[in-house]
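Q: Could we go through this model together, feature by feature? For each one I would like the general idea and then the case at hand.

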Amino acid sequence: MAVCEVCGNDYARGFEVHTAGEVHVFDCVECAAHLLAPTCENCECRILGHGLEADGRYFCCAHCARIRGVMELADNTAVAAGPVLHAR
């Protein structure tokens, strides 16, 4: 049995996550995300996908980065390049 280090549940199907030279034990993905996933500097949500990073600062999206003054990040290349023009 493995005791989750976040919620304390003693669960037969717990799992270990090895990261940064440490071993963590969890009973579910939610507890693992709660402890290990980075947090958006602006809205404080857990970043479960790729997210964005600038100079060691983490954001869930370019909108949150812009609110915090990081203008060079974009969620997609169309936004970074400006409006998309379609030829007719």
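Q: Which residues does Ala54 touch, not counting residues up to four places away in sequence?
A: A contact means heavy atoms within 4.5 Å, and by that rule Ala54 touches Val70, Glu72 and Leu73. Please keep in mind that this is a predicted model, in which local features need pLDDT of at least 70 and side-chain atom pairs count only at pLDDT 80 or more, whereas totals for chains, interfaces and linings use all residues. Residues are numbered from 1 along each chain as its sequence is written, and side-chain values use heavy atoms, with hydrogens and water left out.

Q: Which residues make up the largest nonpolar core?
A: A nonpolar core is a set of buried Ala, Val, Leu, Ile, Met, Phe, Trp, Tyr and Cys residues joined through side-chain atoms within 4.5 Å, where buried means under 20% relative accessible area, exposed over 50% and partly exposed in between, with a 1.4 Å probe and protein chains only. The largest such core here has 11 residues in all: Cys40, Ile47, Leu52, Ala54, Phe59, Cys61, Ala62, Cys64, Ala65, Val70 and Leu73.

Q: What pattern does the protein chain follow along the sequence?
A: Helices (H or I, at least four residues) and strands (E, at least two) are DSSP runs, numbered from the N terminus. The chain comes to three helices and six strands, in the order β-β-β-β-α-β-β-α-α.

Q: How many bridges join E3 to E4?
A: Two strands pair if DSSP finds at least two bridges between them; E3 and E4, which run antiparallel, are joined by five. They form a hairpin with two residues between them, and Ala20 in the turn has a positive phi of about 50 degrees. Phe15 has Phe26 in E4 as its bridge partner.

Q: How many aromatic pairs does the structure hold?
A: A pair of aromatic rings is described by the distance of the centres and the angle of the planes. Rings of Phe, Tyr and Trp (its six-membered ring) pair if their centres lie within 6.5 Å, and planes under 30 degrees apart count as stacked, over 60 as edge-to-face and the rest as tilted. The structure holds one aromatic pair: the rings of Phe15 and Phe26 have their centres 6.0 Å apart and their planes at 45 degrees, so the pair is tilted.

Q: Is Phe26 buried or exposed?
A: Phe26 is buried, at 0% relative accessibility, whereas Phe15 is partly exposed, with a relative accessible area of 29%.
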